[in-house]
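Hi there,

Here is the structure I promised to pass on. Have a look, and my notes follow below.

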Amino acid sequence: MNSSSSDGLERYQTHEPENLQERYAHRAAHMKPSEIRSLFAVASRPEIVSLAGGMPNLSAIPMDMMAGIVEKLIREHGQEALQYGSGQGHPQLREQICDVMALEGIKANPDDVLITTGSQQALDLISRIFIDPGDVVLVEAPSYVGALGTFAQYEASVVHVEMDQNGLIPEALRQAIKTLRYQGRRIKFLYLIPNYQNPAGVLLPADRRSEILDICRAEKIFIVEDNPYGLLGFDRPSPNAMRAEDSENVIYLGSFSKTIVPGFRIGWALVPQSLKEKLVIASESSILCPSNFSQMAIASYLANQPWREQIASFCALYKVRRDAMLSALDAYFPKAATWTKPAGGFYVWVTLPPEIDTKAMVPRAIAAKVAYVPGTAFFADGFGSWSLRLSYCYPTPERITQGVMALSKVVEQEMLNRGITN
Ligand code: PMP
(Lines give C-alpha, C1' and ligand atoms only; values in the text may rest on other atoms or scores of the structure.)
Protein backbone atom coordinates (compact mmCIF):
# COMPACT_ATOMS: atom_id res chain seq x y z
CA MET A 1 0.00 0.00 0.00
CA ASN A 2 3.03 2.36 -0.23
CA SER A 3 1.65 4.08 -3.24
CA SER A 4 -1.56 5.10 -1.46
CA SER A 5 0.16 7.94 0.41
CA SER A 6 1.30 9.48 -2.84
CA ASP A 7 -1.92 8.94 -4.77
CA GLY A 8 -4.03 11.20 -2.57
CA LEU A 9 -6.42 8.50 -1.35
CA GLU A 10 -5.53 9.12 2.26
CA ARG A 11 -6.27 12.81 2.12
CA TYR A 12 -9.94 12.01 1.86
CA GLN A 13 -10.20 9.90 4.97
CA THR A 14 -11.92 11.96 7.69
CA HIS A 15 -10.17 12.30 11.01
CA GLU A 16 -12.68 13.96 13.35
CA PRO A 17 -11.41 15.39 16.62
CA GLU A 18 -12.67 13.13 19.39
CA ASN A 19 -14.58 15.82 21.30
CA LEU A 20 -16.68 16.70 18.23
CA GLN A 21 -17.67 13.06 17.82
CA GLU A 22 -19.16 13.24 21.30
CA ARG A 23 -21.18 16.32 20.45
CA TYR A 24 -22.72 15.02 17.22
CA ALA A 25 -26.18 13.50 17.10
CA HIS A 26 -25.82 9.75 16.97
CA ARG A 27 -27.05 9.66 13.35
CA ALA A 28 -23.90 11.57 12.35
CA ALA A 29 -21.95 8.39 12.97
CA HIS A 30 -23.63 7.00 9.85
CA MET A 31 -22.40 9.86 7.66
CA LYS A 32 -19.38 8.49 5.90
CA PRO A 33 -17.63 9.67 2.72
CA SER A 34 -18.49 7.46 -0.23
CA GLU A 35 -15.72 5.37 -1.76
CA ILE A 36 -16.35 7.17 -5.02
CA ARG A 37 -15.72 10.59 -3.52
CA SER A 38 -12.38 9.55 -2.11
CA LEU A 39 -11.44 8.25 -5.55
CA PHE A 40 -12.45 11.38 -7.43
CA ALA A 41 -9.47 13.50 -6.44
CA VAL A 42 -7.08 10.85 -7.69
CA ALA A 43 -9.06 9.84 -10.75
CA SER A 44 -9.34 13.39 -12.04
CA ARG A 45 -5.59 13.76 -12.55
CA PRO A 46 -5.00 14.15 -16.28
CA GLU A 47 -2.56 11.26 -16.59
CA ILE A 48 -5.09 8.79 -15.14
CA VAL A 49 -7.76 7.23 -17.33
CA SER A 50 -10.79 7.47 -15.10
CA LEU A 51 -13.25 4.64 -15.55
CA ALA A 52 -14.46 5.50 -12.05
CA GLY A 53 -16.90 8.42 -11.97
CA GLY A 54 -20.23 8.56 -13.77
CA MET A 55 -19.98 12.11 -15.10
CA PRO A 56 -22.22 12.80 -18.10
CA ASN A 57 -20.31 13.74 -21.23
CA LEU A 58 -21.33 17.33 -21.84
CA SER A 59 -19.35 17.62 -25.07
CA ALA A 60 -22.66 16.77 -26.78
CA ILE A 61 -24.29 19.96 -25.47
CA PRO A 62 -23.80 23.14 -27.55
CA MET A 63 -22.72 25.61 -24.88
CA ASP A 64 -23.55 28.69 -26.98
CA MET A 65 -27.13 27.50 -27.06
CA MET A 66 -27.12 27.11 -23.24
CA ALA A 67 -25.57 30.54 -22.83
CA GLY A 68 -28.32 31.99 -25.02
CA ILE A 69 -31.04 30.36 -22.89
CA VAL A 70 -29.56 31.62 -19.65
CA GLU A 71 -28.99 35.14 -20.93
CA LYS A 72 -32.50 35.45 -22.36
CA LEU A 73 -33.96 34.04 -19.16
CA ILE A 74 -32.32 36.66 -16.96
CA ARG A 75 -32.96 39.54 -19.36
CA GLU A 76 -36.59 38.74 -20.02
CA HIS A 77 -37.73 36.90 -16.89
CA GLY A 78 -35.11 37.85 -14.31
CA GLN A 79 -37.65 39.03 -11.74
CA GLU A 80 -39.22 35.59 -11.62
CA ALA A 81 -36.14 33.45 -12.32
CA LEU A 82 -34.12 34.98 -9.48
CA GLN A 83 -37.00 35.02 -7.01
CA TYR A 84 -38.21 32.31 -4.60
CA GLY A 85 -40.73 29.95 -6.16
CA SER A 86 -43.26 27.28 -5.28
CA GLY A 87 -42.21 24.48 -2.91
CA GLN A 88 -43.63 21.84 -5.23
CA GLY A 89 -41.91 23.26 -8.28
CA HIS A 90 -42.60 25.44 -11.30
CA PRO A 91 -45.98 24.63 -12.94
CA GLN A 92 -44.70 24.85 -16.54
CA LEU A 93 -41.81 22.48 -15.85
CA ARG A 94 -44.09 20.01 -14.05
CA GLU A 95 -46.22 19.86 -17.19
CA GLN A 96 -43.23 19.38 -19.45
CA ILE A 97 -41.96 16.61 -17.17
CA CYS A 98 -45.22 14.77 -17.82
CA ASP A 99 -44.43 14.90 -21.57
CA VAL A 100 -40.96 13.50 -20.90
CA MET A 101 -42.39 10.66 -18.81
CA ALA A 102 -44.96 9.87 -21.52
CA LEU A 103 -42.01 8.52 -23.56
CA GLU A 104 -41.90 5.65 -21.07
CA GLY A 105 -45.63 5.01 -21.01
CA ILE A 106 -46.46 7.11 -17.96
CA LYS A 107 -49.71 9.06 -17.90
CA ALA A 108 -49.27 11.58 -15.12
CA ASN A 109 -50.90 14.65 -13.70
CA PRO A 110 -48.52 17.61 -13.19
CA ASP A 111 -50.09 18.04 -9.76
CA ASP A 112 -48.47 14.77 -8.64
CA VAL A 113 -44.97 15.89 -9.63
CA LEU A 114 -42.58 17.34 -7.05
CA ILE A 115 -39.46 19.02 -8.43
CA THR A 116 -36.31 18.26 -6.45
CA THR A 117 -32.69 19.34 -6.38
CA GLY A 118 -31.56 16.34 -8.40
CA SER A 119 -33.16 12.97 -7.80
CA GLN A 120 -30.67 12.61 -4.96
CA GLN A 121 -32.79 15.02 -2.92
CA ALA A 122 -35.86 12.91 -3.65
CA LEU A 123 -34.02 9.89 -2.21
CA ASP A 124 -33.32 11.89 0.92
CA LEU A 125 -36.94 13.03 1.27
CA ILE A 126 -38.34 9.54 0.80
CA SER A 127 -35.90 8.19 3.34
CA ARG A 128 -36.82 10.92 5.80
CA ILE A 129 -40.51 10.13 5.50
CA PHE A 130 -40.32 6.36 5.63
CA ILE A 131 -37.27 5.16 7.51
CA ASP A 132 -37.07 4.72 11.26
CA PRO A 133 -33.80 3.26 12.57
CA GLY A 134 -33.72 -0.47 11.87
CA ASP A 135 -36.44 -0.45 9.18
CA VAL A 136 -35.63 -2.60 6.18
CA VAL A 137 -35.04 -1.17 2.72
CA LEU A 138 -34.73 -3.77 -0.01
CA VAL A 139 -32.25 -2.99 -2.79
CA GLU A 140 -30.65 -4.77 -5.71
CA ALA A 141 -27.29 -6.48 -5.22
CA PRO A 142 -25.32 -4.33 -6.10
CA SER A 143 -27.04 -0.92 -5.85
CA TYR A 144 -26.40 2.82 -6.35
CA VAL A 145 -23.81 4.08 -3.88
CA GLY A 146 -25.56 7.45 -3.35
CA ALA A 147 -28.81 5.75 -2.35
CA LEU A 148 -27.01 3.39 0.02
CA GLY A 149 -25.34 6.39 1.67
CA THR A 150 -28.69 8.09 2.18
CA PHE A 151 -30.39 4.98 3.55
CA ALA A 152 -27.47 4.50 5.94
CA GLN A 153 -27.80 8.04 7.27
CA TYR A 154 -31.41 7.34 8.18
CA GLU A 155 -30.19 4.14 9.87
CA ALA A 156 -32.05 1.76 7.60
CA SER A 157 -31.17 -1.88 7.58
CA VAL A 158 -30.40 -2.40 3.91
CA VAL A 159 -31.07 -5.90 2.56
CA HIS A 160 -29.73 -6.78 -0.87
CA VAL A 161 -31.76 -8.97 -3.21
CA GLU A 162 -30.01 -11.08 -5.81
CA MET A 163 -29.92 -10.00 -9.42
CA ASP A 164 -28.61 -11.52 -12.63
CA GLN A 165 -27.97 -10.36 -16.22
CA ASN A 166 -31.68 -9.43 -16.35
CA GLY A 167 -31.83 -7.42 -13.16
CA LEU A 168 -33.59 -8.22 -9.90
CA ILE A 169 -34.77 -11.84 -9.62
CA PRO A 170 -38.47 -11.92 -8.61
CA GLU A 171 -38.16 -15.26 -6.83
CA ALA A 172 -35.24 -13.94 -4.76
CA LEU A 173 -37.42 -10.98 -3.80
CA ARG A 174 -40.23 -13.32 -2.69
CA GLN A 175 -37.81 -15.31 -0.56
CA ALA A 176 -36.24 -12.21 0.99
CA ILE A 177 -39.64 -10.82 1.96
CA LYS A 178 -40.70 -14.17 3.41
CA THR A 179 -37.57 -14.45 5.53
CA LEU A 180 -37.80 -10.86 6.76
CA ARG A 181 -41.49 -11.21 7.63
CA TYR A 182 -40.70 -14.40 9.53
CA GLN A 183 -38.10 -12.45 11.50
CA GLY A 184 -40.72 -9.80 12.27
CA ARG A 185 -38.82 -7.03 10.44
CA ARG A 186 -40.53 -3.94 9.03
CA ILE A 187 -39.95 -3.55 5.30
CA LYS A 188 -40.47 0.03 4.12
CA PHE A 189 -39.78 -0.06 0.40
CA LEU A 190 -37.97 -1.72 -2.47
CA TYR A 191 -35.51 0.62 -4.18
CA LEU A 192 -34.58 -0.34 -7.70
CA ILE A 193 -33.11 1.04 -10.93
CA PRO A 194 -34.79 -0.93 -13.71
CA ASN A 195 -32.97 0.71 -16.65
CA TYR A 196 -29.22 0.31 -17.29
CA GLN A 197 -28.69 -0.08 -13.62
CA ASN A 198 -26.01 1.75 -11.64
CA PRO A 199 -23.61 -0.02 -11.16
CA ALA A 200 -24.48 -3.25 -13.03
CA GLY A 201 -25.61 -1.80 -16.37
CA VAL A 202 -28.42 -4.38 -16.70
CA LEU A 203 -32.00 -3.89 -17.89
CA LEU A 204 -35.05 -5.36 -16.15
CA PRO A 205 -37.34 -6.94 -18.79
CA ALA A 206 -41.07 -6.18 -18.92
CA ASP A 207 -42.22 -9.54 -17.54
CA ARG A 208 -40.04 -9.19 -14.45
CA ARG A 209 -41.31 -5.64 -13.95
CA SER A 210 -44.89 -6.91 -13.82
CA GLU A 211 -44.02 -9.76 -11.49
CA ILE A 212 -42.15 -7.47 -9.09
CA LEU A 213 -45.06 -5.00 -9.14
CA ASP A 214 -47.46 -7.83 -8.25
CA ILE A 215 -45.27 -9.07 -5.40
CA CYS A 216 -44.88 -5.62 -3.86
CA ARG A 217 -48.53 -4.70 -4.23
CA ALA A 218 -49.60 -7.93 -2.55
CA GLU A 219 -47.09 -7.39 0.27
CA LYS A 220 -47.91 -3.67 0.65
CA ILE A 221 -44.33 -2.63 0.00
CA PHE A 222 -43.79 0.61 -1.91
CA ILE A 223 -41.48 0.52 -4.92
CA VAL A 224 -39.08 3.42 -5.41
CA GLU A 225 -38.31 3.31 -9.14
CA ASP A 226 -35.16 5.37 -9.77
CA ASN A 227 -34.87 6.08 -13.47
CA PRO A 228 -32.13 8.54 -14.47
CA TYR A 229 -30.92 6.45 -17.44
CA GLY A 230 -34.21 5.22 -18.96
CA LEU A 231 -33.99 7.33 -22.12
CA LEU A 232 -30.39 6.31 -22.76
CA GLY A 233 -31.08 2.99 -24.51
CA PHE A 234 -28.67 2.53 -27.42
CA ASP A 235 -30.59 0.29 -29.79
CA ARG A 236 -34.20 0.34 -28.71
CA PRO A 237 -36.34 2.15 -26.15
CA SER A 238 -36.41 0.65 -22.68
CA PRO A 239 -39.61 -1.15 -21.57
CA ASN A 240 -42.35 1.00 -20.08
CA ALA A 241 -41.62 2.39 -16.64
CA MET A 242 -43.01 0.38 -13.73
CA ARG A 243 -44.95 3.49 -12.72
CA ALA A 244 -46.85 3.21 -16.02
CA GLU A 245 -48.47 0.03 -14.68
CA ASP A 246 -49.06 1.12 -11.13
CA SER A 247 -49.73 4.68 -9.98
CA GLU A 248 -50.62 3.73 -6.39
CA ASN A 249 -47.66 1.72 -5.23
CA VAL A 250 -44.74 3.18 -7.18
CA ILE A 251 -42.80 6.32 -6.34
CA TYR A 252 -41.03 7.28 -9.54
CA LEU A 253 -37.83 9.34 -9.60
CA GLY A 254 -36.60 11.15 -12.68
CA SER A 255 -33.69 13.47 -13.43
CA PHE A 256 -32.40 15.77 -16.15
CA SER A 257 -28.81 15.13 -15.06
CA LYS A 258 -28.11 12.56 -17.76
CA THR A 259 -30.48 13.71 -20.51
CA ILE A 260 -29.70 17.44 -20.36
CA VAL A 261 -27.07 18.55 -17.81
CA PRO A 262 -26.52 17.83 -14.10
CA GLY A 263 -25.41 21.40 -13.33
CA PHE A 264 -28.92 22.80 -12.95
CA ARG A 265 -29.60 20.08 -10.36
CA ILE A 266 -33.15 19.38 -11.46
CA GLY A 267 -34.84 16.07 -10.76
CA TRP A 268 -38.34 15.08 -9.75
CA ALA A 269 -40.53 12.61 -7.94
CA LEU A 270 -43.88 11.46 -9.32
CA VAL A 271 -45.75 10.26 -6.28
CA PRO A 272 -49.02 8.59 -5.37
CA GLN A 273 -51.42 11.37 -4.37
CA SER A 274 -51.60 10.16 -0.79
CA LEU A 275 -47.88 10.89 -0.33
CA LYS A 276 -47.55 14.22 -2.06
CA GLU A 277 -48.38 16.53 0.82
CA LYS A 278 -45.78 14.94 3.11
CA LEU A 279 -43.09 15.10 0.45
CA VAL A 280 -43.74 18.75 -0.30
CA ILE A 281 -43.56 19.62 3.40
CA ALA A 282 -40.35 17.65 3.80
CA SER A 283 -38.83 19.35 0.76
CA GLU A 284 -39.80 22.82 1.95
CA SER A 285 -38.09 22.15 5.24
CA SER A 286 -34.84 21.24 3.50
CA ILE A 287 -34.69 23.72 0.59
CA LEU A 288 -37.80 25.99 0.79
CA CYS A 289 -38.18 25.64 -2.96
CA PRO A 290 -36.17 24.28 -5.86
CA SER A 291 -34.24 26.93 -7.80
CA ASN A 292 -36.55 28.93 -10.05
CA PHE A 293 -33.56 29.85 -12.19
CA SER A 294 -32.64 26.22 -12.86
CA GLN A 295 -36.22 25.13 -13.43
CA MET A 296 -36.93 27.93 -15.87
CA ALA A 297 -33.69 27.29 -17.76
CA ILE A 298 -34.67 23.63 -18.18
CA ALA A 299 -38.24 24.64 -19.09
CA SER A 300 -36.97 26.99 -21.76
CA TYR A 301 -34.62 24.32 -23.12
CA LEU A 302 -37.47 21.81 -23.34
CA ALA A 303 -39.79 24.35 -24.96
CA ASN A 304 -37.37 25.68 -27.57
CA GLN A 305 -34.71 23.08 -28.30
CA PRO A 306 -34.92 19.71 -30.09
CA TRP A 307 -34.44 17.78 -26.83
CA ARG A 308 -35.35 14.38 -28.26
CA GLU A 309 -32.62 14.76 -30.89
CA GLN A 310 -30.23 15.89 -28.17
CA ILE A 311 -30.92 12.69 -26.23
CA ALA A 312 -30.34 10.71 -29.44
CA SER A 313 -26.94 12.38 -29.83
CA PHE A 314 -26.07 11.50 -26.21
CA CYS A 315 -27.00 7.90 -26.99
CA ALA A 316 -24.78 7.87 -30.09
CA LEU A 317 -21.87 9.28 -28.09
CA TYR A 318 -22.25 6.75 -25.26
CA LYS A 319 -22.81 3.82 -27.61
CA VAL A 320 -19.41 4.34 -29.28
CA ARG A 321 -17.82 4.39 -25.84
CA ARG A 322 -19.72 1.29 -24.68
CA ASP A 323 -18.51 -0.51 -27.82
CA ALA A 324 -14.92 0.57 -27.19
CA MET A 325 -15.08 -0.74 -23.63
CA LEU A 326 -16.67 -4.09 -24.52
CA SER A 327 -14.22 -4.65 -27.41
CA ALA A 328 -11.26 -3.84 -25.18
CA LEU A 329 -12.55 -6.15 -22.43
CA ASP A 330 -12.98 -8.93 -25.01
CA ALA A 331 -9.54 -8.35 -26.47
CA TYR A 332 -7.44 -7.86 -23.34
CA PHE A 333 -9.15 -8.94 -20.14
CA PRO A 334 -8.31 -12.30 -18.52
CA LYS A 335 -10.80 -15.00 -19.48
CA ALA A 336 -11.41 -15.78 -15.80
CA ALA A 337 -13.29 -12.48 -15.54
CA THR A 338 -16.91 -11.89 -16.60
CA TRP A 339 -18.74 -8.65 -17.26
CA THR A 340 -22.19 -7.31 -18.11
CA LYS A 341 -23.06 -6.04 -21.60
CA PRO A 342 -25.13 -2.90 -21.12
CA ALA A 343 -27.71 -1.92 -23.74
CA GLY A 344 -27.65 1.68 -22.50
CA GLY A 345 -26.51 3.94 -19.68
CA PHE A 346 -22.99 4.40 -18.36
CA TYR A 347 -21.71 1.26 -16.63
CA VAL A 348 -20.17 -2.19 -16.96
CA TRP A 349 -19.95 -4.47 -13.93
CA VAL A 350 -16.93 -6.76 -13.87
CA THR A 351 -16.62 -9.88 -11.75
CA LEU A 352 -13.12 -11.28 -11.10
CA PRO A 353 -12.07 -14.54 -9.43
CA PRO A 354 -13.12 -14.38 -5.74
CA GLU A 355 -9.55 -14.40 -4.44
CA ILE A 356 -9.00 -10.90 -5.83
CA ASP A 357 -9.72 -7.92 -3.59
CA THR A 358 -10.55 -5.01 -5.89
CA LYS A 359 -10.27 -2.44 -3.11
CA ALA A 360 -6.75 -3.50 -2.26
CA MET A 361 -5.99 -3.43 -6.00
CA VAL A 362 -6.88 0.28 -6.40
CA PRO A 363 -3.39 1.69 -5.63
CA ARG A 364 -1.86 -0.70 -8.18
CA ALA A 365 -4.38 0.38 -10.79
CA ILE A 366 -3.67 4.04 -10.03
CA ALA A 367 0.05 3.33 -10.42
CA ALA A 368 -0.84 1.84 -13.84
CA LYS A 369 -2.77 5.08 -14.57
CA VAL A 370 -6.30 3.75 -14.54
CA ALA A 371 -9.12 4.20 -11.99
CA TYR A 372 -12.29 2.20 -11.30
CA VAL A 373 -14.70 1.87 -8.37
CA PRO A 374 -14.28 -1.26 -6.23
CA GLY A 375 -17.41 -3.41 -5.89
CA THR A 376 -17.80 -3.08 -2.11
CA ALA A 377 -18.92 0.55 -2.63
CA PHE A 378 -22.19 -0.80 -4.01
CA PHE A 379 -23.07 -3.08 -1.12
CA ALA A 380 -24.17 -2.13 2.37
CA ASP A 381 -22.78 -5.34 3.82
CA GLY A 382 -19.16 -5.53 2.65
CA PHE A 383 -19.96 -7.94 -0.18
CA GLY A 384 -18.63 -7.41 -3.71
CA SER A 385 -14.90 -7.47 -2.92
CA TRP A 386 -14.06 -9.25 -6.18
CA SER A 387 -16.18 -7.02 -8.41
CA LEU A 388 -15.67 -3.55 -9.81
CA ARG A 389 -17.56 -0.92 -11.76
CA LEU A 390 -16.22 0.58 -14.96
CA SER A 391 -17.88 3.60 -16.52
CA TYR A 392 -17.43 4.48 -20.16
CA CYS A 393 -19.41 7.70 -20.30
CA TYR A 394 -16.65 10.26 -20.06
CA PRO A 395 -13.26 9.34 -21.63
CA THR A 396 -12.69 9.15 -25.39
CA PRO A 397 -12.90 5.67 -26.96
CA GLU A 398 -9.09 5.67 -27.35
CA ARG A 399 -8.60 6.44 -23.66
CA ILE A 400 -11.12 3.77 -22.72
CA THR A 401 -9.16 1.17 -24.69
CA GLN A 402 -5.92 2.37 -23.10
CA GLY A 403 -7.48 2.22 -19.61
CA VAL A 404 -8.89 -1.28 -20.07
CA MET A 405 -5.53 -2.51 -21.40
CA ALA A 406 -3.75 -1.09 -18.35
CA LEU A 407 -6.31 -2.59 -15.98
CA SER A 408 -6.06 -5.97 -17.71
CA LYS A 409 -2.34 -6.08 -16.90
CA VAL A 410 -2.99 -5.18 -13.27
CA VAL A 411 -5.63 -7.92 -12.94
CA GLU A 412 -3.37 -10.47 -14.66
CA GLN A 413 -0.59 -9.67 -12.23
CA GLU A 414 -2.99 -10.05 -9.27
CA MET A 415 -4.03 -13.42 -10.61
CA LEU A 416 -0.41 -14.50 -11.06
CA ASN A 417 0.42 -13.40 -7.52
CA ARG A 418 -2.39 -15.60 -6.24
CA GLY A 419 -1.58 -18.55 -8.46
CA ILE A 420 -4.87 -18.27 -10.35
CA THR A 421 -4.64 -19.65 -13.85
CA ASN A 422 -6.46 -17.95 -16.63
N1 PMP B 1 -29.88 7.67 -8.99
C2 PMP B 1 -28.94 7.04 -9.71
C3 PMP B 1 -29.11 5.60 -10.04
C4 PMP B 1 -27.80 7.74 -10.15
O5 PMP B 1 -26.88 7.10 -10.86
C6 PMP B 1 -27.67 9.11 -9.81
C7 PMP B 1 -26.46 9.92 -10.22
N8 PMP B 1 -25.33 9.27 -10.49
C9 PMP B 1 -28.69 9.71 -9.06
C10 PMP B 1 -29.78 8.95 -8.67
C11 PMP B 1 -28.64 11.16 -8.65
O12 PMP B 1 -28.71 11.98 -9.74
P13 PMP B 1 -29.11 13.52 -9.67
O14 PMP B 1 -29.20 13.92 -8.24
O15 PMP B 1 -28.05 14.23 -10.42
O16 PMP B 1 -30.45 13.59 -10.35
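**What turned up**

Phe40, Met55 and Tyr394 together make a nonpolar surface patch of about 310 Å². Patches here are made of residues with over 30% relative accessible area and no salt bridge, with nonpolar side chains (Val, Leu, Ile, Met, Phe, Trp, Tyr) joined within 5 Å and like charges within 9 Å; a salt bridge is a side-chain nitrogen of Lys or Arg within 4 Å of a carboxyl oxygen of Asp or Glu. Areas come from the Shrake-Rupley method with a 1.4 Å probe, and for residues only the protein chains shown count as cover.

Before going on: this is a predicted model, where local features need pLDDT of at least 70 and side-chain atom pairs pLDDT 80 or more, while totals for chains, interfaces and linings use all residues. Residues are numbered from 1 along each chain as its sequence is written, and side-chain values use heavy atoms, without hydrogens or water.

Tyr394 sits in the loop between β14 (387-391) and α14 (397-417) (helices, H or I, of at least four residues and strands, E, of at least two are DSSP runs, numbered from the N terminus). Tyr394 counts as partly exposed because its relative accessibility is 45% (buried is under 20%, exposed over 50%, partly exposed in between).

In α10 (residues 273-287), the buried residues are Leu275, Lys276, Leu279, Val280, Ala282 and Ser283. Their cover includes β2 (113-117), α6 (118-130), β7 (222-226) and β8 (250-255). After α10 comes Leu288, with a positive phi near 65 degrees.

On cysteines, the whole structure has 0 disulfides (sulfur pairs within 2.5 Å). For Cys315, the nearest cysteine sulfur, in Cys393, is 13 Å away.

Best wishes

How values were computed
Buried means under 20% relative accessible area, exposed over 50%, partly exposed in between (1.4 Å probe, protein chains only). Contact means heavy atoms within 4.5 Å.
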